[in-house]
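Colleague: I am new to this structure and would like to learn how to read it. Could you take me through some features one at a time?

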Amino acid sequence: MSEANQEHSTEALSAAHADLLLVERVLGGETNAFEELVRRHEKRVYRTTLAITKNEHDAEEALQETFIKAYKNLGTFRRESRFTTWLTRIAINQGLQILRARRPSVSVEEQQEQGGLALPTRVEDWYSNPELRYARKQLQEIVEDAIRTLPEIYRVVFIMRDIQGESTKEAADALGIGIQAAKSRLLRARLMVRESLSRRLARPATVKSQMMHLMLVMRDALSAKFGKVHGGSDV
Amino acid sequence: MTVETLSCRQVLEELSNYLDGDVAEELRRAIDGHLSRCHRCTIVFDTTRQTLRIVRDMEPFDVPLQVSARLYARLSAVLSSKA
């Protein structure tokens, strides 16, 4: 589906419209209409805060703060923009606030965009059906690990776009950045996730790398069976 | 109309847009031309496409029940205090 189609699909438009109607009702005094808004968007918000904070405790705190803040400031929401964009923006900020409180030495917002584009280092073809080589749960963990290692600014765009299926424009608006900047971050995020997955999914060219690959697969299988194995170097 | 010869770096810069169907016709043709000649870039494009397929096929995400319950509990305190 092209960008334009995604942005203006009938489904997306009627969902946005439904949100606006609910906002009107809440502002008109129907407080339980807000619960309906929460039901519609708690998944999206939680996924966003989890993406930023990387731990469930902080993500939950940010989730609650997001909806409380949204409720208290609902009067400031401008109806020309999408409710989801506005809400996601609050969620991102809440997540970043908590992250900053945990790691005051790291200025998350000032994270530099990587300068030149890093050319991929792992250019090996993959096995054609990764889903057959790995159990679904294992593959899920591998993907989650890959996403977790992304820098925050890339992780949020990636999650919004490639997991939540939102348009690049929505992601850009939610982050308060331009579309080109959002596209640039998305490109880098996708390349980094690809690079991470390549470690597990590439078909090794030499016998030696085949052996190392086999060890890696066994280690994954063991940790899936006996719990996560921390430490140790990646092949 | 000549199709410009793109470098690997130039093609890579357009990878994301290409996969989203978000490149102009002429640029897409130039990229396809490069891919037909460049094995490395073809692998990067294919494996990125596979990456997105795998990511999108992941288990549907659910908010854990207790998280949801605690959210509604906290909200009803806030909502009722405003009423």
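**Reading the features**

Modeller: We can start with one cysteine. B:Cys38 has a relative accessible area of 14%, so this residue is buried. Keep in mind that the model is predicted.

Colleague: Is B:Cys41 buried or exposed?

Modeller: B:Cys41 counts as buried, because its relative accessibility is 7%.

Colleague: How many disulfides are there over all chains?

Modeller: The general idea comes first. A disulfide is a covalent bond between the sulfur atoms of two cysteines. Here the count over all chains is zero. B:Cys38 takes part in no disulfide, and the nearest cysteine sulfur, in B:Cys41, is 3.7 Å away.

Colleague: Now the whole of chain B. Which elements does it have?

Modeller: Chain B has five helices and zero strands. Its radius of gyration is 23 Å, well over the 12 Å that the globule rule gives for 83 residues, so chain B is more spread out than a compact globule. The C-alpha trace spans about 70 × 25 × 20 Å along the principal axes of chain B.

Colleague: What share of the residues of chain B is buried?

Modeller: Of its 83 residues, 42% count as buried. The accessible surface of chain B is about 4800 Å², and carbon and sulfur atoms make up 53% of that surface.

Colleague: How far apart are the mean positions of the positive and negative charges of chain B?

Modeller: Chain B has 11 positive and 12 negative charges, and their mean positions are 7 Å apart.

Colleague: Which residues does B:Gln50 touch?

Modeller: B:Gln50 is part of helix 4 of chain B, residues 39–56. B:Gln50 counts as buried because its relative accessibility is 13%. Leaving out residues up to four places away in sequence, B:Gln50 touches A:Trp126, A:Tyr127, A:Ser128 and A:Pro130.

Colleague: On to chain A. What should I know about phi?

Modeller: Most residues other than glycine have a negative phi. A:Lys54 has a positive phi, near 65 degrees, and is a residue other than glycine.

Colleague: Where does A:Lys54 lie?

Modeller: A:Lys54 sits in the loop between helix 3 (32–53) and helix 4 (56–72) of chain A. With a relative accessible area of 39%, A:Lys54 is partly exposed.

Colleague: Last, is A:Phe226 buried or exposed?

Modeller: A:Phe226 counts as exposed because its relative accessibility is 65%. A:Phe226 lies in helix 11 of chain A, residues 207–226. A:Phe226 and A:Ile92 are 134 residues apart along the chain, and their C-alpha atoms are separated by 35 Å.

Methods:
Residues numbered from 1 in each chain as written. Chains lettered and ligands numbered in written order. Predicted model: local features only at pLDDT ≥ 70, side-chain atom pairs only at ≥ 80, totals over all residues. Heavy atoms only, no water. Helix = DSSP H or I, 4+ residues; strand = E, 2+ residues; numbered from the N terminus. Rg over C-alpha atoms; globule rule 2.2 N^0.38 Å. Buried < 20%, exposed > 50% of the residue type's maximum accessible area, 1.4 Å probe, protein only. Areas by Shrake-Rupley, 256 points an atom, 1.4 Å probe, with all protein chains shown as cover. Lys, Arg positive; Asp, Glu negative; His and termini not counted. Charge placed at Lys NZ, Arg CZ, Asp CG, Glu CD. Disulfide = S-S within 2.5 Å. Contact = heavy atoms within 4.5 Å.
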